[in-house]
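Dear colleague,

Please find the structure below, handed over for your review. My notes on backbone geometry and surface charge follow.

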Amino acid sequence: MSKKIKLVIDKVEYQLPVNSYVSKPTYGGEPYIHMSAKHTASIIKQFVKKFFPLVKVWSTSSVYSGGSSVDVNVSYSNGESICDDVFQKIESFSKQFKAGSFNGMEDIYEYNHNDVKTDNGTKLDYFPSYVFCSNKPKWGSVEYWLSEYNNWLENTGTEDWVNYDSMVQSAGGWLNMNKTYMTDKEFQKVESAFKTVI
């Protein structure tokens with residue numbers, strides 16, 4: 001028996017765990033796909049990988065008292081932000097899976113009552129409270145540290161250096177200065193990436 005279900009949204013196939021499909025709702029009604037924060041994060045990640053294979057994506061979920069959320073980060077493999085039109089497409093797709101938004105004027109959370117369905121009419125329901133999209137790499141990732149290093153080069157003016165050995169020394173010094181902010185595993189990954197990039 002398959003542990004995944006296939007669903008089609010706007011003619012594109014996605015997969016979710018089989019337990020996301022609720023065939024017999026507790027209080028009756030039609031079957032639906034339970035779009036928890038974890039399932040929503042998975043759908044968004046699949047969307048980015050299908051349509052924008054050159055974009056690096058991180059899509060994580062959080063559940064807390066009173067709600068849940070999904071955080072989506074995107075960048076190119078060198079840590080640079082992706083172009084605005086692509087980011088807007090990703091953000092637009094992602095935002096349809098949030099339950100609503102917070103109204104600061106009245107201090108209440110307002111539900112969207114979105115009627116999102118698969119192409120065969122199965123309803124998607126119980127979305128996360130919030131979906132946040134950021135056009136930058138996830139903190140602590142190799143791409144994040146590459147981006148930080150490139151920003152440092154721009155701000156210090158060292159991008160004018162043409163001597164390869166000087167660039168390597170610069171990267172090594174910068175890496176050691178920031179080592180304290182990384183886990184040992186992150187440091188090894190970043191160090192390896194720098195040897196490839198520089």
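Where is the place of tyrosine 126? Tyrosine 126 sits in the loop between β9 (123–125) and β10 (130–134); strands (E, at least two residues) and helices (H or I, at least four) are DSSP runs, numbered from the N terminus.

The model is predicted, so local features need pLDDT of at least 70 and side-chain atom pairs count only at pLDDT 80 or more, while totals for chains, interfaces and linings use all residues. Residues are numbered from 1 along each chain as its sequence is written, and side-chain values use heavy atoms, with hydrogens and water left out.

Backbone

Most residues other than glycine have a negative phi. Tyrosine 126, although not a glycine, has a positive phi of about 60 degrees. Its relative accessibility is 47%, so tyrosine 126 counts as partly exposed (buried is under 20% relative accessible area, exposed over 50%, partly exposed in between; 1.4 Å probe, protein chains only).

Lysine 11 also shows a positive phi, near 70 degrees. Lysine 11 lies in the loop between β1 (4–9) and β2 (12–17) and counts as exposed because its relative accessibility is 79%.

Surface charge

A patch of positive charge on the surface gathers Lys45, Lys49, Lys56, Lys138, Lys185 and Lys189. Patch residues have over 30% relative accessible area and no salt bridge, with like charges joined within 9 Å; a salt bridge is a side-chain nitrogen of Lys or Arg within 4 Å of a carboxyl oxygen of Asp or Glu. At least two residues of the positive patch come from each of α1 (37–51) and α5 (184–197). Lysine 45 belongs to helix α1 and is partly exposed, at 31% relative accessible area.

With kind regards

How values were computed: Patches are made of residues with over 30% relative accessible area and no salt bridge: like charges are joined within 9 Å, nonpolar side chains (Val, Leu, Ile, Met, Phe, Trp, Tyr) within 5 Å. Accessible areas come from the Shrake-Rupley method with a 1.4 Å probe; for residues, only the protein chains shown count as cover. Lys and Arg count as positive and Asp and Glu as negative; His and the chain ends are not counted. The place of a charge is taken as NZ of Lys, CZ of Arg, CG of Asp or CD of Glu.
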